[in-house]
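Visitor: I'd like to learn how to read a structure like this one. Can you walk me through a few features?

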Amino acid sequence: MLLNVLTNGGLDDASWLPRSRQVLEAAIQGRYRLALSAYLIPEVAGNGKIRGSHLPPIDRKHRVARTREWISNAGFMIVEIDGRIAAKAADIAITKQLRGGDALILASAMQAKVEVLYTWDSDLLKLNGVYDFEITEPPSPGDEGQLDLFSAAS
């Protein structure tokens, strides 16, 4: 969802961008707290469209710095990855047959005690109902009620 917004939709389904933006804007406005796995920070920095692979090195460096600063200043809860979360993610990856990054996102969501995990990832979406939180696509624009379901741990 975050990458969808930061790449302005990228190659994703065009209908995803307004829904992803709505979730991020509501979090920035303080309507709820957004928890991000620390795993997403290198994902963002390593994304060619975000860092501007087509740009000169100095411009790429500035673009990545601005993106990292935006993430830091937005007030999102960053869930640090320690040995315990990494071990939990490894267990999830094995038992649920997930890629490591997806398993880290799930383990981070558990650590943050989220009520809802918004994602476009089909491998994560198929696990809705398995954990103590909902795993769903971001709500449609104007579906304000669903946003209230997400409240990461304070």
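Predicted model: local features only at pLDDT ≥ 70, side-chain atom pairs only at ≥ 80, totals over all residues.

Visitor: Are tyrosine 131 and phenylalanine 133 buried or exposed?

Guide: Both tyrosine 131 and phenylalanine 133 are buried.

Visitor: And how do I read aromatic pairs? How many are there in the whole structure?

Guide: A pair of aromatic rings is described by the distance of the centres and the angle of the planes. Here, a search of the whole structure turns up 2 aromatic pairs. In one, tryptophan 16 and tryptophan 120 are stacked, at 4.5 Å centre to centre with 5° between the planes.

Visitor: Where do those two tryptophans sit in the chain?

Guide: Tryptophan 16 belongs to helix H2, while tryptophan 120 lies in the loop between strand S3 and helix H8, so the pair links parts of the chain that are 104 residues apart. Tryptophan 16 is partly exposed at 21% relative accessible area, whereas tryptophan 120 is buried at 9%.

Visitor: What about the rings of tyrosine 131 and phenylalanine 133?

Guide: Their centres are 5.8 Å apart and their planes are at 15°, so tyrosine 131 and phenylalanine 133 are stacked.

Visitor: Last one: at what angle do helices H6 and H7 pack?

Guide: About 125°, with their axes 8 Å apart. H6 and H7 are therefore oblique to each other. The contact includes Ile85 and Ile92 of H6, along with Leu104 and Met110 of H7. By class, that contact has 9 nonpolar, 2 polar and 2 charged residues.

Note on methods:
Residues numbered from 1 in each chain as written. Heavy atoms only, no water. Axes fitted to C-alpha atoms, helices over the stretch in contact; angles between N-to-C directions. Helix = DSSP H or I, 4+ residues; strand = E, 2+ residues; numbered from the N terminus. Parallel < 35°, antiparallel > 145°, perpendicular 65-115°, else oblique. Contact = heavy atoms within 4.5 Å. Nonpolar A, V, L, I, M, F, W, Y, C, P; charged D, E, K, R; others polar. Phe/Tyr/Trp six-rings, centres within 6.5 Å; stacked < 30°, edge-to-face > 60°. Buried < 20%, exposed > 50% of the residue type's maximum accessible area, 1.4 Å probe, protein only.
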